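User: Can you walk me through this structure? I'd like the ring contacts and a couple of helices.

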Amino acid sequence: MDQAQPLLPAGDLTALDNEALKQFHATVRARYDAFKARGLKLDSTRGKPSAQQLDLSNALLGATDEEAARGGGDLRNYGGGVAGIPEARALFAPMLGAPAEQVIVAGNASLELMHDTIVYALLKGVPGGNAPWSTAPVTFLCPAPGYDRHFAICEQFGIKMIAIPLTGKGPDMDLVEKLVAEDASIKGMWCVPKYSNPTGESYSDETVERLARMKTAAPDFRLFWDNAYGVHHLTDTPHEVANILDACAAAGNPDRAFVYASTSKITFAGAGLALFGSSKANVAWMSKNMGFRSIGPDKPNQLRHVHFIQNIAGLTNLMKGHAALINPKMNAVLDVFESLLAGRGVASWTKPEGGYFISLDVRDGSAKRVVQLAEEAGVAMVPAGNTFPNGNDPRNANIRVAPTFPPLDSVKLAAEGIALATLVGVSEALLAERA
């Protein structure tokens, strides 16, 4: 960041008189234009692992041996069922909070499992239900800001979505409990319980307990529990989230939760493992449906993961390597935001302790303009609104910042571009309001 061009005056933009605000806008616009003139091409779109993070798992490429053709079952061949090899199910069971026999280890992406779960539910119904979900309108609750690909699945199948505000400890449970008790069309709820995408918050024990025991008008209601960032800590004091499967069983709703995770941001994003855990009834239902779709997963890849990770200690050490690469990038963004945006009354942002994102909230009504300005300056971003169902952020305020993929120098530049775009966009809006 070029310290030779200070942004003046300091202080809350909303407190400036018209002339001072015009001067501020002219100054920051000049700096933004100089940034834009550099012709940079920067990426702050998806939360992808960097090449250096992927390098941490290169030993996977040599982790198979003659055991793939071991006696009693050649893993290179058909057979073995859809649930995955026993060693992989046991290795990843703690990530899901389920016994190994209630774990399925599948193909590359947990998103595939979530998509297929909804397809199976729409076509066949789920345990405890009276009919396929498709026989009547279906509604999902969607904590927001949230994961755009969750919402895209619902859009694909015509599922109505209701945005649920987040509280810092998970979804607004008073609203959730009211809605699910009154509306039998509400069949599911998306949840990212730890280091949520993009806000970084984790569900409190109280939230987990209330989700497990709440009364639902639909007897076949399901929590789609996407534990995508369950081991993705960025501090030495990791967040702990209560075991949803245990909570549901204790509340008399053992089949309520479908739990998902993957190794996509642990080993190779393009050659990982998808994980599913649930009750015995749900796992039997899932396995049966998967059996019509596939003869079985990539078992040699599962064995590679078992040999490479070995145990929970191995997983913990690997994730420390990821954190060491991600933290400098997160801190670079936070430093730029603190330098350029703090105290100006234009934005607030999260300081993540895990996961992959920083959630930036700009002044209401300004997010789309800020993203437009950032992209015009060469910073590619996810469209404003994508963190809400149907792309509709009612406040037009939330922007997801994804610092993990680019090199550190590019992250710093992208953060500067986003911050300058925020200052230009919000000062424009304030001036327009006063005109």
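User: Ground rules before we start?

Analyst: This is a predicted model: local features need pLDDT of at least 70, side-chain atom pairs count only at pLDDT 80 or more, and totals for chains, interfaces and linings use all residues. Residues are numbered from 1 along each chain as its sequence is written, and side-chain values use heavy atoms, with hydrogens and water left out.

User: How many aromatic pairs does the structure hold?

Analyst: There are 14. Rings of Phe, Tyr and Trp (its six-membered ring) pair if their centres lie within 6.5 Å; planes under 30 degrees apart are stacked, over 60 edge-to-face, the rest tilted. Tyr-203 and Trp-225 make an edge-to-face pair, 5.5 Å centre to centre with 90 degrees between the planes.

User: Where do Tyr-203 and Trp-225 sit in the chain?

Analyst: Tyr-203 is in the loop between strand E5 (186-191) and helix H7 (205-213), and Trp-225 is in strand E6 (residues 222-226). They are 22 residues apart, so the pair links distant parts of the chain. Helices (H or I, at least four residues) and strands (E, at least two) are DSSP runs, numbered from the N terminus.

User: Tyr-203 and Trp-225: buried or exposed?

Analyst: Tyr-203 is buried at 3% relative accessibility. Trp-225 is buried too, at 4%. Buried means under 20% relative accessible area, exposed over 50%, partly exposed in between (1.4 Å probe, protein chains only).

User: Which charges sit over rings?

Analyst: Lys-48 has its charged end over the ring of Phe-405, 4.2 Å from the centre. Lys-265 lies over the face of Tyr-356, at 5.3 Å. The test: NZ of Lys or CZ of Arg within 6 Å of the ring centre and within 35 degrees of the ring normal.

User: Which residues of H1 are buried?

Analyst: Leu-21, Phe-24, His-25, Val-28, Arg-31, Tyr-32 and Phe-35. They cover an arc of only 135 degrees around the axis, which puts them on the same side of H1. That arc is taken from the directions from the helix axis to the C-beta atoms.

User: What covers them?

Analyst: Among the elements are strand E1 (42-44) and helix H13 (408-434).

User: And H10, how much of that is buried?

Analyst: 8 of the 11 residues of helix H10 (residues 299-309) are buried, so it is largely enclosed by the rest of the structure. Those buried residues pack against helix H3 (86-96), strand E2 (103-105) and helix H11 (312-340). Contact means heavy atoms within 4.5 Å.

User: What comes just after H10?

Analyst: Gln-310, with a positive phi of about 75 degrees.

User: Last one: where is Ser-204?

Analyst: Ser-204 is in the loop between E5 and H7. Ser-204 is buried, with a relative accessible area of 19%. Gly-168 is 36 residues away in sequence and 8.9 Å away in space, C-alpha to C-alpha.
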